[in-house]
Amino acid sequence: GLLARPRGFERALPALEVQLEFQRAIDRTTAGNRATALHDMATKDSPQLDAHTREIDLVNRDPKHLNQEMVKVEFEEVTAEPEGLHSVPGVWRLTHTTFTVSQYWCYRLLTAVCGVPAAILWGFLFACGTFWQVWAAVPCVRCHLMGLHCLARTFPVCLRAVCDPLSQAAAGVLHSLRLALGRGS
């Protein structure tokens, strides 16, 4: 690190501890992720902001890795020439460039045209799902569980009221029976 740290010194000076923690976070990151480290350090001790007012991360747009394997398509995964059948190198380079640039700009154009309407649609659908969960499903389940709770308290009492006398009568009858075992009929 940049600063020498005697034992126990970090606990004595909280401001220096924050600086040292920041330096460790920077050391753990690569040069491209320094902005993310700054963001992480800035938001670590700050109060949690509402989901509508917090700033989004424009560098890491897939923090939960939802599209790690599914959507990542490279030129080499789509087009491959077998050994012995190769096109002219200039054509191969041009097709690679054309594929990459057209994929990039088509995606940007589609997100510019369809991204906002798709976000509105998905926001509406998730809002409907959340509304259903909060205002319909959970109250219905709770109401059902309240009824079951009442039934769970009364059912054993009713069961004992009916089954206990029957069991005692059957035990009395069976208790007076004696079996005689003999050899032959």
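Where is the place of Phe 155?

A: Phe 155 sits in helix α5, residues 89-176 (helices are DSSP runs of H or I with at least four residues, strands are runs of E with at least two, and numbering starts from the N terminus). Before going on: this is a predicted model, so local features need pLDDT of at least 70 and side-chain atom pairs count only at pLDDT 80 or more, while totals for chains, interfaces and linings use all residues. Residues are numbered from 1 along each chain as its sequence is written, and side-chain values use heavy atoms, leaving out hydrogens and water.

Back to Phe 155: its relative accessibility is 48%, so it counts as partly exposed (buried is under 20%, exposed is over 50%, partly exposed is in between, with a 1.4 Å probe and protein chains only).

Now for the rings. Searching the whole structure turns up four aromatic pairs. In one, Tyr 104 and Trp 105 have ring centres 5.1 Å apart and planes at 85°, so they meet edge-to-face (rings of Phe, Tyr and Trp, using its six-membered ring, pair with centres within 6.5 Å; under 30 degrees is stacked, over 60 edge-to-face, the rest tilted). Tyr 104 is partly exposed at 41%, while Trp 105 is exposed at 53%. Arg 108 lies over the face of Trp 105, 5.7 Å from the ring centre (the cut-offs: NZ of Lys or CZ of Arg within 6 Å of the centre and within 35 degrees of the ring normal). Elsewhere, ring pairs tie Phe 75, Trp 92 and Phe 99 into a cluster.

And the loops? Thr 79 is in the one between α4 and α5, and its C-alpha is 9.4 Å from that of Thr 95, 16 residues apart along the chain. His 65, in the loop between α3 (34-44) and α4 (75-78), has a positive phi of about 55° despite not being a glycine.

Zooming out, the chain has five helices and zero strands, and buried residues make up 5% of its 185 residues.
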